Amino acid sequence: MNTANSQAFQLTLRLKNEADTQRFAEALAALNPAGSLWLSGDLGAGKTTFTRYFLRALGHDGAVKSPTYTLVEPYRLATPFGEKPVYHADLYRLQDPEELEFIGFFEYFDEPNALVIIEWASRALDVLPKPDWQIDILKQGDEARSVMLTCHDGNQQSLQTLTQTLTQTLAELM
Ligand code: ADP
Ligand code: MG
């Protein structure tokens, strides 16, 4: 469960199908994650699909398009936790990390209660702040996925609460 770094929490889940991905996204949304969330996995692994369910779980009812060409799609959600800015980025086509500076990307991180979701953070490792959350998705068939969730948090108390909540909610997927 815990990694060598006692300040991080890791959970591995086996998702049978997209409905399981939705359950996972809903469980995570219920924790109101803030800061940044990196999504990794091959093309078609389900990074955008996860984000779509996550945004819906937080009350978004419009379309969620992949930010492949726009780099970032912004959302401002009215959640049970208050107003929540969520930025969904896909850096796959990023040419130069300086583009991020031009579009004011780094200001997103300073907004209260904001979450910046990043697909293909590997394209800008040198300039991005370290993630608070990481989800690594491994495709294991048409619909099956293995998912590793990592939460980096300096606060041991909140990590414990989070561990308990998630392991209870997602017990069937572990
Ligand atoms: P990525 O953003 O990682 O490139 P997408 O989310 O765009 O991937 O595409 C994932 C595709 O896989 C979608 O067509 C989705 O319907 C399909 N899919 C099948 N099973 C799952 C699953 N368990 N979780 C997520 N997506 C799934
Ligand atoms: Mg995608």
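Student: How many nonpolar, polar and charged residues make up the shell around ligand 1?

Tutor: Heads-up: this model is predicted, so to speak of local features takes pLDDT of at least 70, side-chain atom pairs count only at pLDDT 80 or more, and totals for chains, interfaces and linings use all residues. Numbering starts from 1 along each chain as its sequence is written, with chains lettered from A and ligands numbered from 1 in the order in which they are written. Ala, Val, Leu, Ile, Met, Phe, Trp, Tyr, Cys and Pro count as nonpolar, Asp, Glu, Lys and Arg as charged, and the others, Gly among them, as polar. On that basis the shell has 3 nonpolar, 7 polar and 5 charged residues.

Student: Which residues come nearest to ligand 1?

Tutor: A residue is near a molecule if its C-beta atom, placed from the backbone, lies within 6 Å of it. There are 15 residues around ligand 1, and those that come nearest are T21, G46, K47, T48 and T49.

Student: Which helix gives the largest share of that shell?

Tutor: Helices here are DSSP runs of H or I with at least four residues, strands are E runs of at least two, and both are numbered from the N terminus. Helix 1 (18-29) and helix 2 (47-57) each supply at least two shell residues. The largest share, 3 residues, belongs to helix 2.

Student: Which strands are at the edges of the sheet?

Tutor: Strands pair if DSSP finds at least two bridges between them. The 7 strands form an open sheet with mixed pairing, in the order 1-7-6-2-5-4-3. Pairing on one side only marks the edges: strand 1 (8-15) and strand 3 (72-79).

Student: What does F54 touch, leaving aside its neighbours within four places in sequence?

Tutor: F54 is one of the buried residues of helix 2. Contact means C-beta atoms, placed from the backbone, within 7 Å. With those neighbours left aside, F54 is in contact with A25, L28 and A29.

Conventions. Buried ≥ 20, exposed ≤ 12 C-beta atoms within 10 Å, placed from the backbone. Contact = placed C-beta atoms within 7 Å.
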